[in-house]
Amino acid sequence: MFVWDRDELNGEQEAAILAPGNVLLIACPGSGKTRALTYKIALELSKLKSKKKFIIAITYTNNAAEEIKTRIEHLGEDTSQLWIGTIHSFCTEWILRPYGLYDDALKYGFKVLNSHESEALLDTFCAPYKVFKVSYYDCSYIFTKTGYALGNCAAVKRPYVEDVLKNYWAYLKANRFIDFELILKHTYELIQTRPVIAKTLSKLFSYILLDEFQDTKELQYEVLASIIASNPKEIGSFIVGDPNQSIFTGLGGYAIALEDLQNMTKSKFEPFELSNNFRSSERLIKYFQHYKTFPNTILAAGKNKDYTSIISLNQEVMKSVLEDEIVRLLAFNITEKGISPNEICIVGPQWVHLSALTRNLMVKMPDYNFNGPGMAPFARDIDNFFYKICRIVLTEPSPAMYITRMRWSREILKDLHEIGSDISGTSAKAFLRHSNLLRIDETDGLAYLKIAFSELLASLGVDKSMYKALTEDYNSFFASSEQRIKKLAEQGDLGVSTIVNFRKVFKQRDGITISTMHGVKGLEFDVVIAFGLLEDWVPHFSDVDGENSAKKLLYVIASRARLNLHMISERREKRFSRPPRNMFSTNQLSGYVFGYDNC
Amino acid sequence: MYISKISLVNYRNFKNAAFYFNKGINTIIGENGSGKTNLFRAIRLMLDDDLLKFAYKFTEADFNRTLDKKWKGHWIIISLEFSEISADESIQAMFIHGLGNGEEETVDKATYNLFFRPKSDIRYRLSELAENDTEGLAAIVDQLTIANYESFFTGKSSVDFNDPEVYKELVGDFDAVKFNLNPDTSLFGARIPHQLSISKDISFTFIKALRDVVSDFNNNRTNPLMSLLKIKSELINDADYAPIAHQVKDLNAAIEQLPDVQDVRENIKETIKDTVGETYSPSSLSIKSSVPDDAEKLLQSLKLFIGEPDETYEGSIHELSLGGANLIFLTLKLLEFKYQRSADNFANFLLIEEPEAHIHTHIQKTLFDNLNYEDTQIIYSTHSTFISESSNISNINILSKKVNYAESFQPANNLPESKVHKLQRYLDAVRSNLLFAKGVMLIEGDAEAILIPLMVKKVFGISLDELGISLINIGSTGFENIAQIFHEDRVQRKCSIVTDLDQAIADTTEIDTDTEAVKTYKKKLAASEKSGKERQEALDLYITGNIYLKACYADYTFEVDFMNQENKIEILNTIPEVYKEEDTIELAATDIGDEDIAISGKRVLAMAKYAKKGWYALILGKHITFKTNIPPYILDAIVFSKTTLSRRTILSLLDYRLSQYRKDAVHPEFLALELEMEKYGKGDIALQALIASIHKALPNDQIKDFLERL
C-alpha cells in the first residue's frame, strides 16, 4: 500500500484522494491539483489486486502525462499497470487499434496525422479560397454527436470552409489518414455501435482518472462515460479540473455539470474542492476571483499570501512603443523587485507574432534569455520517429535524465519492432550508449541530425529506405524543419539553424518566457505581463459567448502570477479596416473597477 | 474456454491441416512420423511460456517440405480458435480485448494467430509488383532469407485460414503475382495489444512422451518432484521452518568438528607446507559442511522412495521398473498441473504426448478414464488402441501421413448426434483398431475373418497388415455404422465392404413333383436371393458418390464362391475332418466333384453348417496353399483397401511365389522373368511389361490377376 508523509499532502488533497467513491474535484489555481492526481494514481496502483487490471489516466498533453509518470516512478510505484496519455492516444491505443477492424474506414489500417500534418494539408485545400482570406485557422472544427461544428469561423467564410473540409476529409479517407478529430469520431461510433467494446474495456480498467476536465469535449465525455457506465460498480473515477479555466470552448471543451456526469456514467460522484491557493498573494486572488464563472471558494494559503502585489493596467500605451513598455516592466521587476527573469512570463493573444516580439526583445535586452513560441527550429511532432531520436541526440546524458532517456530509447525500439524491423540484437541501453558516443563535427543543426540519424540507424542495422513509414517520417521531419527555419530566418532569426540552438529546445527552461494566453495553462510565474487585451482579441470576435470566454481567459492569465501582474490594452488599429478604426480595451477589463497600482 | 480449432498452414509436415477439438478430453491418433509432435509444438509456440521464444525463431526447416525450395515468400500460419468465452468475466477481459470476436453485444469466439511472414519492406515491394510480373517476383523472393522474416501475432480474425482462397488474399497469389500490402484486419485479425500476454493468462502444462523418465528424474530442471517442492517451498511458513534451519546449522557444525574431518584438514595443510613451503601455503584452510539451510535448496534435496505393488521393498526411482517410473512421473506432472491451476487463470490446458509408452495397457485405460479435471481441456496424442477407446469419437483427430505432408481427419465430423452415439457404442464394443488403419476391409463373418488373412499370407507371402489393411469383422450389425466414418468429411481412407449376394444355387421354380421339403428349400433360396438383391441395391445406393467406399460382392456365399474358384481340392481335403462315416465321406466327395453348383454348392454349405461355420473355416485354413485361388471379389476388395504398393513390395510378392514354385521340381527356372524383375526393380520398365513377362513364365498364375487390378 502506498503511503505518504503528513507534510506531502494537505487535508483537502487527502480527503479527495481517500474518498471511497467517485470524485469530481474542483481545484482552484495553485491548489496542488497535479500533486493530488499523482498521489491518487500511486495510491490506486498500490491497491490493484489483479495483474490483469489497468489504471487509465487521461491528461491534456503528452508532456503532462510524461511528467506525472516520471513523478510516480520517483514515488517508487510500479507503473506497468498504469496507462497515461492524452485522450487521443487513449482512443487510438485502446479502441481504434484493437477494434478498428469493425470500422470499414479503418480495417485496412490507418495513419494518424499529427496537428502539423493536418494543418499543412488544410492549407493546401484552402489555396483555392485564398481570395476569400480562408486559411487553415478558419478551418478548426470538431465532431459532435450529430455532425460537426466549426470553431473560429466568421459567418461569411462558412460556405468556403465547409467546402475545404469536405475536400480535406475526402482526401484523408482516400489515403487512410485520420486526424485528431476523426480519432474521436471513429472511437465514438465504434463505442456506440458495438457495446461489447465498452463492456470489455470496463472489465479491464479499475480506475479512470481525467485531468483538466473543463477542456474535455462532448465526444470525449461520451467515450469515457460509456466505458464507466458499462461497469459502474467496479470502475472508480477521479475527475479533476477547474471550470473557471475552461478556455478551449472554441474547440468544444466544457466543464460537465455534476448531474450530467452522473447520468452519463450511471455512477454517483462526490464533489470535492481544493480551495487553498498556495501560489498567489491574497491581493491577486481577490483580483482574479472577479472573473469567476463558476462559484467556488478560493483562499490564500501559501507563503506569498501577504505579499503586496502590484497589479497594473495600462490602457494608454501606443502599439509603437509597446515593446519599450514591456522592457520597462521587465526592468522594474528584475532590478527593483529582485525577481528572477526565469520567473517572468509575457503573454499575448495567439494571433500576434510572438516570435517577432521575442526577437525584438532580445535585441533590446541582450543580457537576458527569452523563451518564445515558434523558436524551435524543428516541428515538435511527438509521433515522428526522427523527432523521437532527436530527443535523445539533443539531450545530454545525466543521472536526472536517465529514466526519461531510457524510456525514449525503449519507445524508439518499440517503434522499430512495430514496423517489422528485427531489433533482437540490441537493447534500449545499447541504443542510448551509441547515441551518447556520437561525435559529429558539424555546426549546422539539420546537417548534424542527418549524420546522427544515419549513424544511429546503421548501428541498429536498419535501412530506412526499406520501410515506408520511416521514409515518410524522415522526409516529413526535414521538410517541416526546413520550412520552419526558413520562416524564422525570414523574420530575421538567423542563428536558429545552428546545432547549439537545436539543443536549446530540450534544455531546461531558462530566461523570460513568452507564451500565448492558451499556452500558459497549468504554468505559474512570479510575474505575468499580458498585452493585447483588446475586444475582438479577448474575446475573439467570432465567439458567441464572448463575455464568459473573456472572463475565463483573464482568470487564467491573472491566476498564473504569484506576485505581480501587469496588464496592457495597447492602442492599436483594427487590421484590414478602411477607414482605420481603433480597437478597444477588453470590455470585461474596462468594466471592472479595481484599485490598480501605478508603476 | 477451450481450444475449438487449430489451423496449420505450411508448418513442418502440415501443408494445410485443420484440427477440431471439444471441451474435456481430446485425442490425436496417428502413426509414427505423422506429425503428432509437430502439432503439439505448434500449440506450444502459441501458449507455452517455455516455448514462446521459439515463435520468434522459425527456420527454413519449419516450412512444409512440399514447398521444397520454393518456401521463399510464403507464410507459416498457426491459428487457434477458442470457444465458450465469456465477456462477463473480468478475468477474461484482457483476453477478449485482444482476441475476442465481438459481435454487437456479445463475444463467444476468440482467435489467436501467428504469422511467420516476410517483413514489411519485402511485403511492400511485393505489393508494388505489376500483375503477372513473374520475373519481378522471382527477383524479390530469390533473395529472401529467414532474416527477412518476422513473427506477427493477431487476434479477432474471422476467416478460415485453411481455405486456399484466404491464403491467396492474405499472403498473395504467386501465380498471378498479386500481393496486398494492407490486408483487411476484419478478416485476418488485428495485432495483439502489447498489454496482453496469453501465456500468463492461462495455465498450460505439457507432458512429453515418456521415453527416458529416469534421466528426467535425475536432472533437477526436469524432475517433476523438484517443481512440486519448489512451488511449495515458496509458500513455506517461516515459523515452521526456523527450527529446521537451526538444526541444519548445528548439523553442519557437528560434521565439521568430527575428529576425522579435522584430521583430513590438518593433513592437507601439512602436505601443502611440505611441498611448496610456508611462503606459498594458503593462510587458512578449512573443511565446511554445506547441507543447505535455505528452504528451497533443502527441500530440493528430498528424494522419492517407492515400493512396487505387492512388494515390501521401497526403492528410489532408478530401482523401479520402467513402467513404474513412468507412472510416477506422469502422476507427478499431473499434480504439478493441479498446483498450477489457480484462480487467476480462466483456462487450463494439459497436453500429454503418447502416455502409453511403457505404461501397462490395463493402467492406460484406467488412467485416462479417470483423468478429468474441471475447466481443463486435455489433448493427448497416442497410438494406443487402449487409450483411444476411452475417448469419445467426436473428440478424435486422426493424422494421416502422406509424402512430405500429413492430413487430418475427424471421424465423426458432420454426423448427426444419433449416429455418433451408435458409432461410439459400436467402437467401444468391438475394441477395434479401426481408427488406426490405413485401409479397411469390412466383412460379415468368422469364415472371412479367418480365411482372408490366411489366403493372402499363403498366396502372396505377405500379411494384410503389411498391405496396410485392417480387416474388421462387423458380424451381423450392418455396414452402415462403421462405413460412414470413411467419407470426404471424415476419415479419408479407403474402405471396402465384402458381402454375399446369396444368389440361389439352384433353380427355384417350383414344379409339381417337388416334395414339401424341396419346396421349402426352394422358397428359402428364393427368399435369400431376394433379400440379397435388396441389400445390394441399398448398399450400392449408400456408397454412391463416396470415393472412399467400395462394395465387393460374392455371387453366392463365401464358401460357394471360394470353391467355385477352382479350389475344390482344398474343400475335398476337409471332408475327412468334417464327417466320420465312410459313406457320408464318399457321398460328400462325389457331391463336391459335381459340375452342377446346385449339388456341389449345397454340399459345401452343408459341411460348413455341420461343422459350425467358424470351425469349418479353421479346418479349411489348414489346407490353404499358395496355389489356392483367391476369389476375384476378395482380390477387388484387397486392391481397393490397400495403400500404394512400392516396386519392392511387388517384387517381394513375386519372389515369394517363385520360391514356392521352385519347391515343386517342375518349375526350376524363371531366368527370363528374373531378368525382367531386375529391370522393374531399377525402374527401367513399367508394371505392364512386368505383367507380360509373368504371363509368359506363369500363364495361369493369379498374381497376374492381382497385379492387373493395381
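This report walks through a predicted two-chain model, from overall build to a few local details.

## Ground rules

Residues are numbered from 1 along each chain as its sequence is written, while chains are lettered from A and ligands numbered from 1 in the order in which they are written. Since this is a predicted model, local features need pLDDT of at least 70 and side-chain atom pairs count only at pLDDT 80 or more, whereas totals for chains, interfaces and linings use all residues.

## Chain A overall

Chain A holds 21 helices and 18 strands; both are DSSP runs, numbered from the N terminus (helices are H or I with at least four residues, strands are E with at least two). The radius of gyration of chain A is 25 Å, which agrees with the value near 25 Å that a compact globule of 599 residues would have. That radius is taken over C-alpha atoms, and the globule rule is 2.2 Å times the number of residues to the power 0.38. Along its principal axes, the C-alpha trace of chain A spans about 65 × 60 × 55 Å.

Of the 599 residues in chain A, 43% are buried. Here, buried means 20 or more other C-beta atoms within 10 Å of the residue's own, exposed means 12 or fewer, and partly exposed is in between, with C-beta atoms placed from the backbone. Take the contacts in chain A between residues at least 6 apart in sequence: 76% of them join residues at least 24 apart. A contact is a pair of residues whose C-beta atoms, placed from the backbone, lie within 7 Å.

## Chain B overall

Chain B has 29 helices and 19 strands. A compact globule of 710 residues would have a radius of gyration near 27 Å, but chain B comes in at 35 Å. The C-alpha trace of chain B spans about 125 × 80 × 60 Å along its principal axes.

Buried residues account for 36% of the 710 in chain B. Among contacts in chain B with a separation of 6 or more, 75% are between residues 24 or more positions apart.

## Where the chains meet

The contact between the chains takes 25 residues from chain A and 28 residues from chain B. On the chain A side, helix 4 (87-99) and helix 8 (195-204) each supply at least two residues. Helix 8 of chain A gives the most to that side, with eight residues.

Sorted by class, the side of chain A that touches chain B has 12 nonpolar, five polar and eight charged residues. The classes run like this: Ala, Val, Leu, Ile, Met, Phe, Trp, Tyr, Cys and Pro are nonpolar, Asp, Glu, Lys and Arg are charged, and the others, Gly among them, are polar.

## Two helix pairs

Back to helix 4 of chain A: it packs against helix 7 (residues 180-193) of chain A at an angle of about 50°, with the axes 10 Å apart. Axes are lines fitted to C-alpha atoms, for helices over the stretch in contact, and angles run from 0 to 180 degrees between N-to-C directions. Helix 4 and helix 7 of chain A are therefore oblique to each other (under 35 degrees is roughly parallel, over 145 roughly antiparallel, 65 to 115 roughly perpendicular, and the rest oblique). Residues making this contact include His88(A) and Tyr99(A) of helix 4 and Phe180(A) and Ile191(A) of helix 7. The contact has nine nonpolar, four polar and no charged residues.

In chain B, the axes of helix 17 (residues 446-460) and helix 24 (residues 613-621) come within 8 Å and cross at roughly 15°. That makes helix 17 of chain B roughly parallel to helix 24 of chain B. Among the residues in this contact are Asp446(B), Leu454(B), Lys613(B) and Gly621(B). The contact of helix 17 with helix 24 divides into seven nonpolar, two polar and two charged residues.

The peptide bond from Val538(A) to Pro539(A) is cis, with omega near 5°. Pro539(A) lies in the loop between strand 17 (525-530) and helix 20 (546-559) of chain A. In chain B, Lys156(B) has a positive phi of about 70° although it is not a glycine, and this Lys156(B) is buried, with 29 other C-beta atoms within 10 Å.

Thr557(B) is found in the loop between strand 19 (549-554) and helix 20 (558-564) of chain B. Thr557(B) is buried too, with 23 other C-beta atoms within 10 Å. Neighbours within four places in sequence aside, Thr557(B) is in contact with Asp500(B), Asp502(B) and Leu605(B).

Definitions and conventions: Contact = placed C-beta atoms within 7 Å.
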